[in-house]
Amino acid sequence: MSKLYVADTNILLDQIENLDEYKIVLLSHTLRELDKHKSNRDRPELAFQAREAVRYIKNNKDKFVFDAKDYNGFDLGSDYDDAYQDNNILAACVKNDYGVISSDVLLTYKAEGFGLEVIDLEDDTPSVQEAYEGYKEVFMTKEQLDKFYDGVTTNTYGLLVNEYLIVKDKETEQPIEAFRWDGQYHLSIVSKNFKTDMFGQFKPMDIYQKCGLDSLFNNKITMIKGKPGTGKSVLGFNYAIHQLEKNKIDKIIFFVNPTLAKNAQALGFYTGSKDDKLLQSSVGNMLTSKFGSRAQVEAMIAREEIVLLPFGDIRGYDTTGMNALIYVIEAQNLDKELMKLGIQRLGNDSKMIIDGDFTAQVDSRAYEGRNNGMRRVSEVFRDTDYYGEVELPIIYRSEMAKRAELM
């Protein structure tokens, strides 16, 4: 009999049609995850991929072997509990000598530690499921959560520094707690609600925004990413104005790279000064919609509370001594060199917010794939004590905006 392999869930979601040369075992654990993802209203692109994967499995049953047993991570030892699905998958592979097909670094590392054969199908495109989100989600009972509190110094789930652990109730699947791993401890995330004169009362709308806000308060650089309508800019702008009004910073400096939306028709040259031209671009539209009016933006520019700088003008710029917050908006439209140039402007007394969506909103081929600046920042800066990253998965703008993700 030929070698049998277990493909983890993200491989089934993204590359199931590329598995023909392997004999794949479908575990009850991964099938349940696919079923759960099928009805995920908060992440329609993930739900669509899950439905496509299930449809492919139904139409090609002869290509798969089905293992309906339930495996428990505890069988591997006390450090491997069943709240983390990868541990259950690993237990199945160890017991049956299945090979592992995965691009998950932690899972492949564990599998190799148990002497299992590992195949990495990683390609040039980040997986919807496995691309670094800045957090891991696990399901626990109240008893398991109580036990976890007793071991907050043990990095059970292999978190990177400043990566979050989101705990969901095993029965309701609703978030009940979140922690940030600081390298020594799991720090419980405390909700930070606040009020600004400009925007009024602000409260994170979900556990993911709560983690994003925690990163903004605690890290020098925070990347907030997600689909349109998930609240990236709402989170970032509320935090920025709060810091400005509380005199924690002296100014907000927007690094911008105005890029025409993909397939859109250019209207020709804009007139006026640098600021006039930027305010007539998509960048200006975004700032105007967030701050309420163009007059408000112009007044803040006049008071030097905000500064607009195109990337074409930032070489040699140094924020040291400015006590500034650098805000990189529409950051998906930057390549590696531009993003590197922007971060190199950052002085020790300044902070940076990187805001964008490099999975679906890149407007030029020059910024796609491995050359994307946001993607490279994530790869280089994650696991450092001054960087945090959070992907916001829930679209709040409207039901129409949420549905449009299926187009």
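**View 1. The five-stranded open sheet of the predicted model.** Five strands form an open sheet in the order β3-β2-β1-β4-β5, and their pairing is parallel; two strands pair if DSSP finds at least two bridges between them. The edge strands, β3 (64-67) and β5 (118-119), each pair on one side only. Strands are DSSP runs of E with at least two residues, helices are runs of H or I with at least four residues, and both are numbered from the N terminus. This is a predicted model, in which local features need pLDDT of at least 70 and side-chain atom pairs count only at pLDDT 80 or more, while totals for chains, interfaces and linings use all residues. Residues are numbered from 1 along each chain as its sequence is written, and side-chain values use heavy atoms, with hydrogens and water left out.

**View 2. The pairing of β4 with β5.** Two bridges link β4 and β5 in the parallel sense. Opposite V100 stands V118 in β5.

View 3. Helix α4 (residues 85-96) has 12 residues and should span 16 Å at 1.5 Å a residue; its end C-alpha atoms lie 17 Å apart, which agrees. The expected span is 1.5 Å times one less than the number of residues. In α4, the buried residues are D86, N87, N88, I89, L90, A91, A92 and C93; buried means under 20% relative accessible area, exposed over 50%, and partly exposed in between (1.4 Å probe, protein chains only). Their cover includes strands β1 (4-7), β2 (23-27) and β4 (99-101), together with helices α2 (28-38) and α5 (105-113); contact means heavy atoms within 4.5 Å. Just after α4, D97 takes a positive phi of about 55°.

**View 4. Cysteines C93 and C211.** C93 counts as buried because its relative accessibility is 0%. C211 also counts as buried, at 1% relative accessibility. The structure holds zero disulfides, a disulfide being a pair of cysteine sulfur atoms within 2.5 Å.

**View 5. The four-stranded open sheet.** The strand order is β6-β7-β8-β9, with mixed pairing. Strands β6 (135-140) and β9 (186-188) stand at the edges with a single partner strand each, so one side of each has no neighbour in the sheet. From one strand to the next, the twist averages 30°; axes are lines fitted to C-alpha atoms, for helices over the stretch in contact, and angles run from 0 to 180 degrees between N-to-C directions.

**View 6. The antiparallel pair β8 and β9.** Strand β8 (residues 175-181) runs antiparallel to β9, and three bridges join them. The bridge partner of W181 is H186, in β9.
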